Amino acid sequence: MSRRESRPEASRECVLRPQREQCSSCGKLMRGSYHNRRTVCTLTGLCRLTVVIRCCQNQACERYHVAYHPEEEGIWALPQAEFGLEIIALVGALRYSEHRSIPEIHQQLRLRGVQISERNVTHLVERYEELVALRVQKALDYLQAGDCLVVWKLDRLGRSLPHLIRIVEGFKKKGIAFKSLTEQMDTTTPHGEFFFGIFGSLAQYERALTKERIMAGLTAAKKRGKQGGRPRAISEEKVQAITEALNSGTSKAAICRTFNVKRTTLYDALRKTAEAISTPSLHLERA
Ligand SMILES: [Zn+2]
């Protein structure tokens, strides 16, 4: 979306240089080959960053001319991001610790001098969720049978109830113990099996609920005269014309050419029609 108001001038300038001077592959000195400029929005205003990029100059090295960015750049912002990580962290805290709505978060940020649209706040909430999910996944990948994961609160682990249930079910399968301090859940105690049992029942309930919702949705759609699933590739009238042509002895190849349909689409449409009206006269075997 294009910006409605012009972006103000950056109030600070900062030069970021890589700490590492030697190439990680061949060990030779890397040179500062070029620099990028980017402006990052922080809680203390806009900052204009000059990012010095180093490259290995050794032609025989596998990292020859591979850009090496300053280590510090990752603390400022995600690659290509306009808003800094501290803003993402604040958005996440407002959303998940204080349970604020998007308009409220937007207002908070505007009050703190951050020029941001409501739509971008939504994007930042999504970025925050992705970062947390990535972090949780990293922790989960690290766990092995016999380990115990301790969380402060259940909502720190799963993005939603189905997600949480999937994670905890995974723990049981892998033989990983699990503790949540706030809810006082501990699968290492004699009650552990009981907790896993609760999550198992919840998973079953969730699946039943999803199925019920889908069926209810399909029934409601049918009542409104809509058919579930993909729309038909060939219209009803066209199918009727095709059937008539077939019955009068026209070959399938000729029909495909005349009606401009693919052979697989034709077979598919004829099969569906045959199923719907159970007409034994339609011969659908491939000619
Ligand atoms: Zn090198």
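The domain assignment of the protein chain gives domain 1 (12–76), domain 2 (85–136), domain 3 (144–221) and domain 4 (236–277). Such bounds come from an automatic or database domain assignment. This is a predicted model: local features need pLDDT of at least 70, side-chain atom pairs count only at pLDDT 80 or more, and totals for chains, interfaces and linings use all residues. Residues are numbered from 1 along each chain as its sequence is written.

**View 1. The open sheet of β1, β3 and β2.** Three strands form an open sheet, ordered β1-β3-β2, with mixed pairing. Strands (E, at least two residues) and helices (H or I, at least four) are DSSP runs, numbered from the N terminus. Two strands pair if DSSP finds at least two bridges between them. The edge strands are β1 (12–16) and β2 (30–42), and each pairs on one side only. From one strand to the next, the twist averages 20 degrees. Axes here are lines fitted to C-alpha atoms, for helices over the stretch in contact; angles run from 0 to 180 degrees between N-to-C directions.

View 2. Strand β1 runs parallel to β3 (residues 45–56), and 5 bridges join the two. Cys14 has Leu49 of β3 as its bridge partner. Val15 is partnered by Thr50 in β3. β1 is hardly covered: among its 5 residues, the count of buried residues is 0. A residue is buried if 20 or more other C-beta atoms lie within 10 Å of its own, exposed if 12 or fewer, and partly exposed in between; C-beta atoms are placed from the backbone.

**View 3. The β2–β3 hairpin.** A hairpin joins β2 to β3 through 2 residues. These strands run antiparallel, joined by 12 bridges. His35 has Val52 of β3 as its bridge partner.

**View 4. Ala60 in its loop.** Ala60 lies in the loop between β3 and α1 (73–76). Ala60 counts as exposed because it has 8 C-beta neighbours inside 10 Å. Ala60 and Arg38 are 22 residues apart in sequence; C-alpha to C-alpha, they are 32 Å apart in space.

View 5. Helix α4 (residues 118–142) has 25 residues, which should span 36 Å at 1.5 Å a residue; its end C-alpha atoms are 37 Å apart, which agrees. The expected span is 1.5 Å times one less than the number of residues. Buried residues of α4 are Asn120, Val121, Leu124 and Tyr128. They pack against α2 (85–96) and α3 (102–111). Contact means that the C-beta atoms of two residues, placed from the backbone, lie within 7 Å.

**View 6. The largest nonpolar core.** Of its 17 residues, Phe83, Ile87, Ile88, Val91 and Leu124 touch the most other members. β2, β3, α2, α3 and α4 each supply at least two residues of this core. α2 gives the most, with 5 residues. At least three residues come from each of domain 1 (12–76) and domain 2 (85–136). Leu124 touches Phe83, Ile87, Ile88 and Val91, not counting residues up to four places away in sequence. A nonpolar core is a set of buried Ala, Val, Leu, Ile, Met, Phe, Trp, Tyr and Cys residues joined through C-beta atoms within 7 Å.
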